[in-house]
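Here is my note on the model, point by point. Please keep the sequence and the coordinates open while you read.

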Amino acid sequence: MVKILHKKRLNRKTTLYELDLPEIAARAEPGQFVILRVDADGERIPLTIADFDRNKGTITVVAQEAGATTRLLSRKEAGEELAGVSGPLGKPVDIDRINKVLCIGGGVGIACIYPVARAYNDAGSEVISIIGARTKELLIFENRMRKVSKELLITTDDGSYGEKGFVTDCLKRLLRRIKIDLVFTVGPAIMMQGIAEITRPLSIETWAGLNPLMVDGTGMCGACRISVDGKMKFACVDGPHFNAHLVDFEELIARQKMYQKEEKQRIEMMSKND
Amino acid sequence: MSSRITHRQEIPKQPPQERIHNFKEVALGYDEERAVAEAKRCLQCPNKPCVRGCPVGIDIPAFIKEIAERDFAAAAEILREKNSLPAVCGRVCPQEEQCEKSCTLAHKSQPIAIGCLERFVADWELNKSPSHQVTRSPVKTRNPLPATRSPLSVAVIGSGPAGLTVAGELAKLGYSVVIFEALHLPGGVLTYGIPEFRLPKEIVKEEIRYLQSLSVEIKTDYVIGKIETIDGLFKRGFKAVYVAIGAGLPKFMGIDGENLIGVYSANEFLTRVNLMKAYLFPRVATPIKIGRRVGVIGGGNVALDSARTAIRLGAEEVYILYRRSAEEMPARAEEFENAREEGIKFRFLTQPIRIIGDRKRNVRAIECIRMKLGEPDTSGRRRPIPIVGSNFVIELNTVIVAIGTGANSLLPGSAPDLEVNEKGYIKVDAEGRTSKKGVFAGGDIVGGSATVIAAMGMAKRAALAIDRYIRSLRSAGAVRSETSGAVRSETSDKESGKKNFI
């Protein structure tokens with residue numbers, strides 16, 4: 001069992017949890033994730049480690065209510081326990097000092113890009129960040145991102161905050177005025193695909209943190225398989241970060257939707273039981 | 001001799017038409033009368049050929065004699081001496097290739113049903129033995145690792161057949177054992193792989209509870225190689241490490257369409273159903289997609305388990321697509337028969353070459369080519385050769401790839417001084433020693449996919465080698481400050497040379 005030490009609702013859809021996991025906190029590196037189960041018979045879901053505190057022995061995860069399990073999770077309160085968490089999983093991001101790094105986070109992906117941006121900043125790189133959400137209320141981690149970025153650009157689809165439009169629009173404008181050495185992005189697959197299409201012709205190295213479905217998270221099942229440069233890769237052990245120019249995003253997007261019908265069915269069942 | 005005792009006692013089964021609608025165990029097991037009648041058939045051969053056929057060396061005639069005399073507790077004790085998982089082995093061991101093959105009666109009529117008798121005794125013990133009423137500590141999860149309880153402690157990585165066996169053997173020798181399991185439930189392939197209808201999970205849980213009664217501690221949700229390294233385990237005070245992580249990396253065929261929606265590795269398919277209980281969806285949270293027409297690629301036990309699981313999930317037509325013929329199938333004959341009874345359709349000499357999807361990337365069909373058998377290959381089986389131009393298409397909605405597994409590099413990759421072979425399997429000597437001091441390994445991670453009992457046999461040998469290793473440390477003075485009673489003195493057996501123990 002894993003204790004929730006702290007819970008904070010970031011907006012109506014998104015919740016932050018600080019979990020009592022000293023051993024995972026001791027080992028966690030930027031870009032890694034955990035597999036979490038809310039209750040004993042629960043699904044195993046991957047969540048990026050958004051933050052970790054080795055002294056306090058805690059890790060932070062941020063979950064957006066999307067399916068049945070994240071809804072169940074959102075009902076757990078501080079002081080309560082989760083059935084289990086395993087990790088830290090996946091390969092950490094190899095952090096070198098890079099001249100100018102651009103970190104782009106979309107939606108709940110901002111929480112995933114944050115530890116990467118922070119690590120690049122700590123390594124002495126110049127970090128520029130773009131964060132975007134559908135609307136102002138859904139924008140998370142603004143202050144955290146501001147602290148680790150030399151320049152922070154914000155977009156909302158509806159223009160309720162920052163620039164109106166997508167992070168991709170903002171990226172195009174930014175690239176006209178600044179030379180970027182490396183782009184790192186986490187967010188909806190379609191957003192990462194859009195970013196890859198913009199940076200590809202400019203030959204800017206671009207890495208994307210992918211978020212396919214997973215079960216075990218240790219390379220045992222292959223549920224998270226994706227195509228990178230035409231080769232089959234398991235995101236859980238080979239990634240989750242890959243050269244965005246080589247990722248088959250169409251395939252990733254289709255595979256993410258595999259259980260949409262079942263998710264609906266389960267949510268309906270939960271709503272009936274409420 | 002009357003014919004009643006010369007004929008092998010049949011094991012009652014759920015009728016096929018009934019069992020394809022449930023996940024309950026297919027074989028129902030002997031009752032006392034059948035067990036005793038079967039036991040009485042045993043000739044009690046003085047040279048015990050059956051024992052030589054058993055990878056863990058159970059004294060088979062002795063336990064059968066106790067059954068014939070209705071002393072089931074004594075029979076159970078004999079089994080437990082050599083086998084810490086008898087209820088599992090009685091169900092999933094390929095006895096027809098091992099003990100029963102060497103049975104004297106096999107040459108004359110039918111061999112003794114040793115597997116059924118083993119299962120009978122183990123189940124009798126699980127149900128009746130008062131020792132199993134003892135309350136035991138539950139599986140512990142996520143407690144920070146204690147500074148090890150005894151200075152003579154061993155870490156076991158993986159809780160499948162090899163890990164459980166080595167843990168049981170070492171615990172009996174007085175060692176303090178901690179098993180680290182990556183998943184949230186212990187049992188390895190017994191839990192995530194072998195289906196409920198062949199090996200009820202309650203049986204696996206009971207066997208694990210028995211180990212816990214021997215003070216084996218199991219820590220779940222612990223991915224060694226990530227949360228801790230092997231060197232880290234030594235720093236925490238473990239004197240030896242046993243690596244029993246299995247060969248869990250699913251193989252794919254490398255053909256077009258393997259990432260389509262509706263294609264599963266057998267590992268994923270079975271894990272969703274067995275470990276995550278997706279057959280109870282939506283009552284449990286993990287879903288599984290099962291099409292009307294399902295094709296399973298492969299001819300081993302895992303392929304049959306997948307096919308039989310698919311039919312129980314409601315598939316209308318389930319095909320096994322196997323590139324060789326029935327004769328070369330690695331699956332157990334008994335399971336082949338069970339599968340046929342359940343209406344699984346076998347397409348032999350059939351090699352898939354492409355999975356075809358629709359516009360939404362769902363599986364629609366599979367294109368195959370017919371094969372013929374040529375000369376025997378390195379496995380001794382006749383090599384399948386494609387017949388040019390024989391391509392044909394089978395319409396399918398779900399494809400399950402069950403062509404085997406490989407070594408997962410997650411743990412070996414975190415210990416560069418642990419030597420692996422070109423396929424990624426850990427190199428060991430006959431006793432399970434690896435290239436790294438104090439580290440032993442066994443089960444599928446050293447030899448590739450094999451049987452439960454083969455893994456257990458390796459683990460038993462390694463347990464003795466670990467015992468000798470730790471004793472040698474102590475005699476060399478490398479281990480200090482432990483109490484002399486930590487290891488029971490009767491464990492100083494012949495193999496340890498009875499030296500320098502205290």
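1. Strand S7 of chain A. A:Pro88 lies in strand S7 (residues 84-89) of chain A. Helices (H or I, at least four residues) and strands (E, at least two) are DSSP runs, numbered from the N terminus. The peptide bond between A:Gly87 and A:Pro88 is cis, with omega about -5 degrees.

2. Basis. This is a predicted model, in which local features need pLDDT of at least 70 and side-chain atom pairs count only at pLDDT 80 or more, while totals for chains, interfaces and linings use all residues. Residues are numbered from 1 along each chain as its sequence is written, chains are lettered from A and ligands numbered from 1 in the order in which they are written, and side-chain values use heavy atoms, leaving out hydrogens and water.

3. The cis bond in chain B. B:Phe281 and B:Pro282 are joined by a cis peptide bond, omega near 5 degrees. B:Pro282 sits in the loop between helix H15 (266-275) and strand S8 (293-297) of chain B.

4. Strand S8 of chain A. Why is S8(A) (residues 100-106) largely enclosed by the rest of the structure? Six of its seven residues are buried, so the rest of the structure largely encloses it. Buried means under 20% relative accessible area, exposed over 50%, partly exposed in between (1.4 Å probe, protein chains only).

5. Its partners. Two strands pair if DSSP finds at least two bridges between them. S8(A) runs parallel to strand S9 (residues 126-133) of chain A, joined by seven bridges. The chain gets from S8(A) to S9(A) through helix H3 (residues 109-122) of chain A, in a right-handed β-α-β crossover. Right-handed means that, with the strands pointing away from the viewer, the path from the first strand over the helix to the second runs clockwise. S8(A) also pairs in the parallel sense with strand S12 (residues 182-186) of chain A, over five bridges. A:Val101 has a bridge partner in S9(A), A:Val127, and one in S12(A), A:Leu182.

6. Positive phi. A:Ser203 is not a glycine, yet its phi is positive, about 55 degrees. A:Ser203 is in the loop between helix H6 (189-199) and strand S13 (205-209) of chain A. A:Ser203 is exposed, at 66% relative accessibility. B:Gln44, also not a glycine, has phi near 55 degrees. B:Gln44 is partly exposed, with a relative accessible area of 30%.

7. Aromatic pairs. The structure holds 15 aromatic pairs over all chains. Rings of Phe, Tyr and Trp (its six-membered ring) pair if their centres lie within 6.5 Å; planes under 30 degrees apart count as stacked, over 60 as edge-to-face and the rest as tilted. One of the pairs is A:Tyr114 with A:Phe141, edge-to-face, 5.6 Å centre to centre and 80 degrees between the planes. A:Tyr114 is in helix H3 of chain A and A:Phe141 in the loop between S9 and helix H4 (142-148) of chain A, 27 residues apart. A:Tyr114 is buried, at 7% relative accessibility. A:Phe141 is buried too, with a relative accessible area of 7%.

8. Charges over rings. The charged end of A:Arg144 sits over the ring of A:Tyr114, 6.0 Å from its centre. The charged end of A:Arg118 sits over the ring of A:Phe52, 5.6 Å from its centre. The criterion is NZ of Lys or CZ of Arg within 6 Å of the ring centre and within 35 degrees of the ring normal.
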